[in-house]
Amino acid sequence: MDPILSIRGMVKRFGGLTAVSSVDLDIYPGEVVALLGDNGAGKSTLIKCVSGVYHADAGTIEFQGQRVNFSRPIDARRQGIETIYQDLSLANNLDVGANIFLGREVQKRVLGGLFKPLNEQYMLDQAKAALDALEIHFPDLTQPIESLSGGQRQAVAIARAVYWDAKLMIMDEPTNNLGVPEQRKVLELIGKLRQEGVPVILISHTLPDVFAVSDRLIVMHRGRKVTEKKTADTDTQEVVQYMVGALDDTREQLPN
Amino acid sequence: MPDRGSNAVIEMGADRLADISPLKKSVLLLSRLWAWAFLGSMILFFIVSVKITSDGAVNFLTVRNSQNILVAITPVLLLGLGQTFVIIGKGIDLSVGWVMSLTSVLAALAIRGAFNAGVPLFPSIVLGLLAAVAGGALVGFFNGTLVAKLKVPAFIATLGSSFIVRGVALLMAENTTVSGLPRGIRDYGNNALFYLIRGEGGGLFFLERPEVTGAMLRNLDRILPYPVLLTAFVVAIAIYVLRRTKFGRHTYAIGGNVEAALRTGIPVDRHIIMLYVMSGSTAGIAGFLSTLRFSAGSAVIGDPLLLSSIAAVIIGGVSLFGGAGTVVGTVIGALIVAVLTTGLVMLNVQPFWQFIVVGTVVILAVIIDQSRDLIVGRAQSE
């Protein structure tokens with residue numbers, strides 16, 4: 001099977017600091033890949049190069065078999081790379097339907113197109129269907145989403161990405177600031193995405209989450225990819241050693 | 001490893017509103033409807049108190065009074081309409097008062113110029129309207145560009161431009177007033193759809209002003225003057241645009257979370273510029289109407305109306321933090337300000353008290369608005 005996303009030799013520098021140093025990365029359809037590393041390891045920078053926030057200094061990105069070069073985040077989104085940030089991508093003063101269709105509203109044509117009011121009913125029905133497809137149920141979709149909890153809002157963001165046919169989902173600390181039951185729900189949602197065949201890159205510091213949902217994990221340390229393993233083949237202790245730099249597959253291990 | 005392919009239905013819990021007590025619920029409802037309730041009880045208060053203080057001689061609730069209030073709110077409301085859009089989009093437009101003055105001058109110059117050049121009266125007036133709206137829109141475009149493209153804070157950008165506009169208005173008027181306008185324009189600014197003659201030999205007249213003289217003039221009431229009709233038409237458009245269109249939806253989105261609006265591909269800069277263009281345009285209509293009403297252009301007419309219009313918008317429930325508010329709210333807010341002012345005058349209260357009362361109501365409105373958030377609780381604070 002061909003990878004959906006393929007990164008080769010990616011480098012990103014900020015002045016004298018090399019935040020990402022020749023990283024290779026492949027993501028295959030339907031897998032959840034966790035991206036791990038201490039603060040400053042370069043995971044967020046790497047992800048921002050993929051989602052069009054930063055422009056890499058060197059290296060190539062292939063997405064669905066095509067060389068891509070995103071200059072803005074909206075370019076990446078149009079190709080189907082959705083990045084889900086906490087609270088950043090939803091308008092809390094609008095309802096679920098309005099958020100799912102934000103920027104892509106559906107209009108009716110009245111009097112031969114003289115008036116083009118929003119087709120609220122259609123958007124509401126579609127929003128409901130999108131949530132149903134992920135088996136997410138809200139009692140009332142017409143409330144502004146500020147009345148929803150953090151986990152519920154996260155679910156709306158995920159449902160929106162799925163509705164608009166995301167080909168790759170990037171989630172940056174999706175369970176941060178959530179209560180324990182809500183964290184579990186978000187993880188269940190990630191499981192559902194996998195069932196739908198949507199690959200997920202998951203950035204997280206919460207190792208139990210990572211072990212609960214990921215198929216593979218990649219550890220970064222000081223801008224470099226230090227290991228890449230099947231989640232089933234490793235454990236928390238080993239991963240932590242990679243994260244702090246005690247283990248590193250790219251250099252020969254020196255005997256202590 | 002836990003079961004990862006779970007098919008369990010994700011119940012995202014009950015809506016938080018369903019969890020709050022009936023007491024909180026009713027407080028919440030009240031805080032949403034308070035402006036209506038306040039307007040209603042205020043009208044009631046004035047009906048009773050005006051009657052009592054005048055020993056039954058004066059009536060607050062008359063046709064004439066209601067029409068006077070409508071005429072009085074017309075400019076405040078027009079300034080407030082554009083302002084409503086701008087503030088929902090998390091901006092503010094401090095230039096509308098002086099834009100109204102400038103466009104009053106522009107309309108007067110255009111009408112006078114056209115008429116003197118031989119253009120018939122009605123086309124001259126239409127030219128005046130176009131000149132006023134175009135002038136207002138141009139200032140709005142300038143403001144919007146400063147805010148959206150050059151990232152000048154809206155408060156500063158529009159404060160600065162209001163000084164510029166003030167100077168230009170005074171320069172163009174070559175003083176404060178542009179006079180010498182054709183006589184007929186007074187009719188357009190003051191005639192009404194209906195006329196009512198009360199008492200003996202009276203009746204309702206449509207479109208045509210009945211010939212009355214002397215004492216009978218006191219019994220003549222205008223119903224729905226043209227400026228009120230034009231304003232009502234603009235209000236209807238504003239309600240439609242804000243509530244029913246993509247443009248309105250994007251305005252709320254930008255005010256609610258500009259980052260989200262950008263990420264979803266909404267053309268935020270262009271949209272913000274449009275908001276200020278709208279604000280300038282409605283101020284232009286207000287300037288045009290004042291020229292018709294007084295048969296002269298005035299380079300100072302709008303200055304005192306800026307703060308009243310912002311007060312109306314805030315009382316009507318538009319949040320200065322952006323993302324919340326309605327056009328209908330602004331209409332109620334403008335009505336509250338006008339009813340208060342008229343009522344206090346009829347009670348023979350010293351006019352200075354109007355300021356104190358309006359100020360208090362503005363502060364009260366914001367406190368009530370915030371109490372709503374306190375009750376429901378911000379979702380982020382979980």
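## Surface and burial in chain B

In this predicted model, chain B exposes about 18,100 Å² (Shrake-Rupley, 1.4 Å probe), and carbon and sulfur atoms supply 68% of that area. Of the 382 residues in chain B, 47% are buried, meaning under 20% relative accessible area with a 1.4 Å probe and protein chains only.

Chain B has 14 helices and 6 strands, taken as DSSP runs (H or I, at least four residues, for helices; E, at least two, for strands) numbered from the N terminus. Its C-alpha trace spans about 95 × 55 × 35 Å along the principal axes. Take the contacts in chain B (heavy atoms within 4.5 Å) with a separation of 6 or more: 75% of them join residues 24 or more positions apart.

## The cavity

The largest cavity holds about 150 Å³, the space filled by probe spheres set on the points.

Its lining has 15 residues, each with an atom within 4 Å of a point. Arg77(A), Glu82(A), Thr83(A), Tyr85(A) and Arg263(B) lie nearest the centre. In chain A, helix H2 (73–79), strand S6 (81–84) and helix H5 (150–163) each supply at least two lining residues, with S6(A) giving the most, 4 residues. By class, the lining has 8 nonpolar, 3 polar and 4 charged residues.

## Ground rules

Residues are numbered from 1 along each chain as its sequence is written, and chains are lettered from A in the order in which they are written. Since this is a predicted model, local features need pLDDT of at least 70 and side-chain atom pairs 80 or more, while totals for chains, interfaces and linings use all residues; side-chain values use heavy atoms, without hydrogens and water.

Terms used: 1 Å grid on protein atoms, 1.4 Å probe; cavity = no way out; pocket = protein on both sides within 12 Å on 5 of 7 lines; lining within 4 Å. Nonpolar A, V, L, I, M, F, W, Y, C, P; charged D, E, K, R; others polar. Buried < 20%, exposed > 50% of the residue type's maximum accessible area, 1.4 Å probe, protein only.
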